[in-house]
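Notebook open. Today I look up charged side chains and how they pair up.

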Amino acid sequence: MRYELIIFDWDGTLMNSVPKIVACMQAAASDVEWDELDVSAIENIIGLGLPEAIATLCPGMDAVQAERLRQRYAYHFVQGDSTPMPFFEGVKEQVARLRERPCQRLAVATGKSRRGLDRVFAETASGGWFNASRTADETRSKPHPQMLLELLEELKVPVERAVMVGDTEYDLEMARSINMDRVGVTYGVHTPARLAASQPVWLADDVESLFDWLHG
């Protein structure tokens with residue numbers, strides 16, 4: 001077994017939720033009469049906690065308008081937008097294979113809120129796949145490594161026996177800051193060159209190659 005603990009990012013790594021995030025953020029910006037947000041700019045902030053994402057996307061926005069934008073984004077994501085959010089093809093089957101291995105533990109470290117992650121766990125019946133999870137609103141947003149440190153402590157796994165898997169530099173940089181191995185997936189939002197700058201131990205171009213490597 002290559003790693004005792006595999007920690008996954010969620011959006012853009014396990015779930016193809018990027019189109020929905022983009023659509024909801026653009027709708028929310030329109031609701032609060034902010035300038036139209038470019039798709040690439042929204043993709044750039046995926047993985048950050050929502051307050052950090054809004055601050056990056058909308059420099060100069062005051063606190064009242066930022067809170068309204070947050071609320072409208074939440075509305076569109078939960079109720080107002082019907083863009084589907086499937087798992088990437090093969091994810092369910094490949095995670096099931098990992099879970100069959102003795103002593104293998106899995107976790108999630110995500111920029112979602114706890115409420116948002118629990119909602120998607122319930123909707124997809126995937127919460128039971130993971131031994132632990134951390135969200136941006138219950139610890140610190142990526143790229144700060146606090147959520148990784150908390151997962152290591154909770155699951156009693158040394159850093160050298162764990163790996164972080166994600167599609168953004170925020171995922172990889174939080175792992176690099178504590179000398180945790182990291183794997184980038186190029187089918188998400190950040191470019192291969194951007195991921196490579198964080199010195200991952202592997203770059204996977206698709207789900208199959210990712211899990212083949214994790215199975216080791």
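I counted 14 salt bridges, taking a salt bridge as a side-chain nitrogen of Lys or Arg within 4 Å of a carboxyl oxygen of Asp or Glu. The model is predicted, so local features need pLDDT of at least 70, side-chain atom pairs count only at pLDDT 80 or more, and totals for chains, interfaces and linings use all residues. Residues are numbered from 1 along each chain as its sequence is written, and side-chain values use heavy atoms, with hydrogens and water left out.

**Entry: Glu169 and Arg194.** I found a salt bridge between these two side chains, 2.7 Å from N to O. Glu169 lies in helix H8 (residues 169-176) and Arg194 in helix H9 (residues 192-196), so the pair ties together parts 25 residues apart in sequence. Helices here are DSSP runs (H or I, at least four residues), numbered from the N terminus. Is Glu169 buried, partly exposed or exposed? Glu169 is partly exposed, at 25% relative accessibility. The cut-offs are under 20% relative accessible area for buried, over 50% for exposed, and partly exposed in between (1.4 Å probe, protein chains only). Arg194 is partly exposed too, at 27%.

**Entry: Arg176 and Glu173.** I looked up their salt bridge, and the closest N and O atoms are 3.0 Å apart. Both residues sit in helix H8, 3 residues apart, which means about one helical turn separates them. Arg176 is partly exposed at 29%. Glu173 is partly exposed at 24%. I also noted a network: salt bridges with shared partners join Asp9, Lys142 and Asp171.

**Entry: Glu153 and Lys156.** I saw a salt bridge here, with the closest N and O atoms 2.6 Å apart. Lys156 is exposed, at 58% relative accessible area.

Conventions:
Helices (H or I, at least four residues) and strands (E, at least two) are DSSP runs, numbered from the N terminus.
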